[in-house]
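Visitor: Hi! Could you walk me through this protein, starting with how its strands pair up?
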Amino acid sequence: MSDTAVTHPLVAGAVGPGCKKVDPIVVADSVTRTFGGLTAVDVQHVEIPRGAITALIGPNGAGKTTFFNLLTGFDKPNTGSWSFEGSSLAGVPAYRVSRKGMVRTFQLTKSLGRLSVLQNMLLGATKQPGENIFTALIKPLWRKREEEITAKAEELLARFKLDAKRDDYAASLSGGQRKLLEMARALMSDPVLVMLDEPMAGVNPALTQSLLGHIKELKSEGMSVLFVEHDMHMVRHISDWVIVMAEGRVVAEGPPETVMSDPAVIDAYLGAHHDTDLGDMTGSNPVIEAKEAAAAHHGGNADRKDEH
Ligand SMILES: Nc1ncnc2c1ncn2[C@@H]1O[C@H](COP(=O)(O)OP(=O)(O)OP(=O)(O)O)[C@@H](O)[C@H]1O
Ligand SMILES: [Mg+2]
């Protein structure tokens, strides 16, 4: 990036690695995690903007998933503190983190194969009085809530075009459908921040367009999104902000058009990734663009194709 201070509406002050945001939803300081002699995460300062779609990119092994695990309470750091909506989350277990409105999906989907699609959805709900040993004994207390939760699950399944699979085992879904199920399940708890770890990985190209649409919808409904992705077309097309990690650190951040043409970022990828296509990093994608143009022309209905 150039020496003259670059500004951006999401940023308070100058744009650069670790820059302060106007309205951050997550703020992390000095978060480190080592595995034996390896420092997987060493984030000095990073802020995730509220109400925006932020992509977290970086070569394999950069520490993206480990950072997700730390923020969401699935792993414990060696050092560091971080807050979500202004309250500290360090030491807060994963189930409490999700109740606070920060939910995540996994790089390898974690849907429970021997449960039905609907049962998987119901597991994503919070505030279920039937889970409490005392209220569980009094059916009227939980029956109404259970009906509400089921109705919500069915609505989300319809939105994600999984309603026809409602009673099938989750194990029978395709890889892409499982990604959709995970995303739908994440929405059962009315999250404020949705964190997606490689939502596109393993997804059939026929489903990618609808996945992009679903992620953009989260933002238009007022949620903040943080996603990890290697698919640069997706990063370019839907993110408002891009944060780049390499060797555990935040090495660059900025709007996609700037970051993805930054030689240091391209080097960070190429350093570990000699087979990365530079065209993928910096070029546009005529196929996606043509699909988007067609979708806009057809009233935004890009969900016609599905994967079965
Ligand atoms: N449980 C673990 N035990 C030992 N090393 C680990 C563990 N989890 C991650 N690592 C190491 O930490 C580093 C960061 O891994 P991480 O999975 O966070 O990277 P990533 O950026 O998500 O990579 P990818 O893009 O391949 O998913 C890697 O070197 C990895 O081998
Ligand atoms: Mg990962």
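Guide: Happy to! Strand β1 (residues 24-35) and β2 pair in the antiparallel sense over ten bridges. Strands are DSSP runs of E with at least two residues, helices are runs of H or I with at least four, and both are numbered from the N terminus. Two strands pair if DSSP finds at least two bridges between them. This is a predicted model, where local features need pLDDT of at least 70 and side-chain atom pairs count only at pLDDT 80 or more, while totals for chains, interfaces and linings use all residues. Residues are numbered from 1 along each chain as its sequence is written, and chains are lettered from A and ligands numbered from 1 in the order in which they are written.

Visitor: Which residue in β2 is the bridge partner of V26?
Guide: That is I48.

Visitor: What sheet do these strands belong to, and what is the strand order?
Guide: An open sheet of four strands, ordered β2-β1-β4-β5 with antiparallel pairing. At its edges are β2 and β5 (87-88), each pairing on one side only.

Visitor: Where is R50 found?
Guide: R50 sits in the loop between β2 and β3 (53-57). Leaving out residues up to four places away in sequence, R50 touches D23, P24, I25 and S224; touching, or being in contact, means that C-beta atoms placed from the backbone lie within 7 Å.

Visitor: Why does R50 count as partly exposed?
Guide: Because it has 19 C-beta neighbours inside 10 Å. A residue is buried with 20 or more other C-beta atoms within 10 Å of its own, exposed with 12 or fewer, and partly exposed in between, using C-beta atoms placed from the backbone.

Visitor: OK, new topic: what surrounds ligand 1?
Guide: The shell includes F35, L38, N60, K64, T65 and Q107. A residue belongs near a molecule if its C-beta atom, placed from the backbone, lies within 6 Å of it. The elements giving two or more residues to this shell are β2 (38-49) and α1 (64-71), and α1 has the largest share, three residues.

Visitor: How many of the shell residues are nonpolar, polar or charged?
Guide: Four are nonpolar, seven polar and one charged. Here Ala, Val, Leu, Ile, Met, Phe, Trp, Tyr, Cys and Pro count as nonpolar, Asp, Glu, Lys and Arg as charged, and the others, Gly among them, as polar.

Visitor: What about β9, is it mostly covered or open?
Guide: Mostly covered: strand β9 (residues 241-246) has six of its six residues buried. W241, I243 and M245 point one way, while V242, V244 and A246 point the other way. In a regular strand the side chains alternate between the two faces of the sheet.

Visitor: Which strands join β9?
Guide: β3 runs parallel to β9, with four bridges joining them, and L56 has I243 as its bridge partner in β9. Strand β10 (residues 249-254) pairs with β9 in the antiparallel sense over five bridges. β9 and β10 form a hairpin with two residues between them, and E247 in the turn has a positive phi of about 50°.

Visitor: Last one: what does helix α6 pack against?
Guide: Its buried residues pack against β3, α5 (175-187), β7 (193-197), β8 (224-228) and α7 (232-238). Among the buried residues of α6 are L207, L211, I215 and L218. After α6 comes G222, with a positive phi near 100°.

How values were computed: Contact = placed C-beta atoms within 7 Å.
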